[in-house]
Amino acid sequence: MALAETLREMLAAQGRDPADFALEAEANYGIGPDRWTGLVAEARNAGFTHFSVNCQSTTCEWGGNPAANCQSTAEHIEALETFITSVT
């Protein structure tokens with residue numbers, strides 16, 4: 001999140017309006033609701049404009065995080081609903 005301010009400074013130095021530059025953060029589903037809410041709060045406080053959640057087990061594991069364990073489309077949708085409910 002600290003890099004967001006550095007990026008804004010770099011944009012301004014190049015004559016670009018940092019407010020016109022979207023910032024996105026991401027969480028892996030497998031880390032769970034306690035960590036999601038903290039990450040979303042940090043992103044909001046840092047002025048991020050977008051947040052995504054990764055429900056794909058393989059890519060969660062590549063990042064060293066617990067697998068999401070979603071097998072079906074319905075499980076992915078349920079995971080997204082759980083995430084949204086937890087962070088809003």
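Which backbone nitrogen lies 2.8 Å from a polar atom of the side chain of N54? In this predicted model, the nitrogen belongs to Q56.

N54 is part of strand β2, which covers residues 50-54. Its relative accessible area is 12%. Because the cut-off for buried is under 20%, N54 counts as buried.

Apart from neighbours within four places in sequence, N54 is in contact with E26, A27, N28, Y29, T59 and C60. The polar atom that lies 2.8 Å from the backbone nitrogen of Q56 is on the side chain of N54.

## The strand pair

Strand β2 pairs with strand β1, residues 24-28. The pairing is parallel and runs over five bridges. In one of these strands, β2, H50 is the bridge partner of E24. Between β1 and β2 the chain passes through helix α2, residues 33-45. This β-α-β crossover is right-handed.

Y29 is located in the loop between β1 and α2. With a relative accessibility of 16%, Y29 is buried. Setting aside residues up to four places away in sequence, Y29 touches W36, V53, N54, C55, C60, A68, A79 and T82. The C-alpha atom of Y29 is separated by 36 Å from that of Q14, although the two are 15 residues apart along the chain.

Nonpolar side chains in soluble globular proteins tend to be buried together. Here the largest nonpolar core has 13 residues, and Y29, W36, C55 and F83 have the most contacts inside it. Helices α2 and α4 are the elements that give two or more residues to this core. The most comes from α4, with three residues.

C55 touches Y29, A68, C70, H76, A79 and L80, again without residues up to four places away in sequence. A second, separate core has six residues, including A25, A43, A46 and F48.

## P66 in its loop

Is P66 buried, exposed or partly exposed? P66 has a relative accessible area of 43%, so it is partly exposed. P66 sits in the loop between α3 (57-62) and α4 (73-87).

Beyond residues up to four places away in sequence, P66 touches G30, I31 and C60. P66 and I31 are 35 residues apart along the chain, and their C-alpha atoms are separated by 6.1 Å. C60 is also in contact with N54 and touches Y29.

Key: Residues numbered from 1 in each chain as written. Predicted model: local features only at pLDDT ≥ 70, side-chain atom pairs only at ≥ 80, totals over all residues. Heavy atoms only, no water. Helix = DSSP H or I, 4+ residues; strand = E, 2+ residues; numbered from the N terminus. Buried < 20%, exposed > 50% of the residue type's maximum accessible area, 1.4 Å probe, protein only. Polar contact = N/O pair within 3.5 Å; in protein donor to acceptor, adjacent residues only side chain to side chain. Contact = heavy atoms within 4.5 Å. Pairing = 2+ DSSP bridges. Right-handed = clockwise from strand over helix to strand, strands pointing away. Core = buried A, V, L, I, M, F, W, Y, C linked by side-chain atoms within 4.5 Å.
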